[in-house]
Amino acid sequence: METLTEVRAAIDTLDRRLLELLAKRQQLVEAAGRLKPQNDAGAVAAPERVAQIIAARRQQAEAVGLSPDVAQAVWQAITDAFIRFETEVNQQQ
Ligand SMILES: O=C(O)C(=O)C[C@]1(C(=O)O)C=C[C@@H](O)C=C1
């Protein structure tokens, strides 16, 4: 992989896989939102679970050669976005 164009093509391919995994994650979050009591913002936000996820992903990142700070930022953004998504699901069930 020698050119910026090649590197970007590889990033696009990898991002496609990430999108598919995030779509599967969304289905699981939707199921979680339906299992929680309706209109329960505290249950949806589950801050203790988010803290557990962030700590675990930091450790798991180190094991696979990913910067723990990058992992924390990514999973903070993921959980923020999915809490917003799950809030909609939880209100509409
Ligand atoms: O574990 C849950 O309770 C979920 O609803 C899933 C999830 C997640 O995205 O991983 C989403 C919202 C909560 O803040 C915590 C975690």
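Helix 1 (4–35), helix 3 (47–64) and helix 4 (68–92) each contribute at least two residues to the shell around the ligand. Helices are DSSP runs of H or I with at least four residues, numbered from the N terminus. The model is predicted: local features require pLDDT of at least 70 and side-chain atom pairs count only at pLDDT 80 or more, whereas totals for chains, interfaces and linings use all residues. Residues are numbered from 1 along each chain as its sequence is written.

The residues around the ligand are Val 29, Ala 32, Ala 45, Ala 46, Arg 49, Val 50, Ile 53, Thr 79, Phe 82, Ile 83 and Glu 86; a residue qualifies if its C-beta atom, placed from the backbone, lies within 6 Å of the molecule. Helix 4 gives the most to this shell, with four residues. By class, the shell comprises eight nonpolar, one polar and two charged residues. Here Ala, Val, Leu, Ile, Met, Phe, Trp, Tyr, Cys and Pro count as nonpolar, Asp, Glu, Lys and Arg as charged, and the others, Gly among them, as polar.

Helix 1 has 32 residues and reaches 46 Å from its first C-alpha to its last, close to the 46 Å expected at 1.5 Å a residue; the expected span is 1.5 Å times one less than the number of residues. Helix 1 is hardly covered, with two buried residues among its 32. A residue is buried if 20 or more other C-beta atoms, placed from the backbone, lie within 10 Å of its own, exposed if 12 or fewer, and partly exposed in between. The UniProt annotation "coiled-coil region", from an unreviewed entry, covers residues 4–31, a span that is 100% helix and 0% strand, with its end C-alpha atoms 40 Å apart.

Helix 3 is likewise hardly covered, with one buried residue among its 18. The end C-alpha atoms of helix 3 are 26 Å apart, which agrees with the 26 Å that its 18 residues should span at 1.5 Å a residue. Just after helix 3, Gly 65 takes a positive phi of about 85 degrees.

Val 89 lies in helix 4 and is partly exposed, because 19 other C-beta atoms lie within 10 Å. Beyond its neighbours within four places in sequence, Val 89 is in contact with Glu 30, Gly 33 and Arg 34, contact being a C-beta separation within 7 Å, with these atoms placed from the backbone. Val 89 and Val 29 are 60 residues apart in sequence, and their C-alpha atoms are 9.1 Å apart in space.

Notes: Two residues are in contact if their C-beta atoms, placed from the backbone, lie within 7 Å. UniProt positions are given in the numbering used here, feature names are shortened, and annotations may be inferred rather than shown by experiment.
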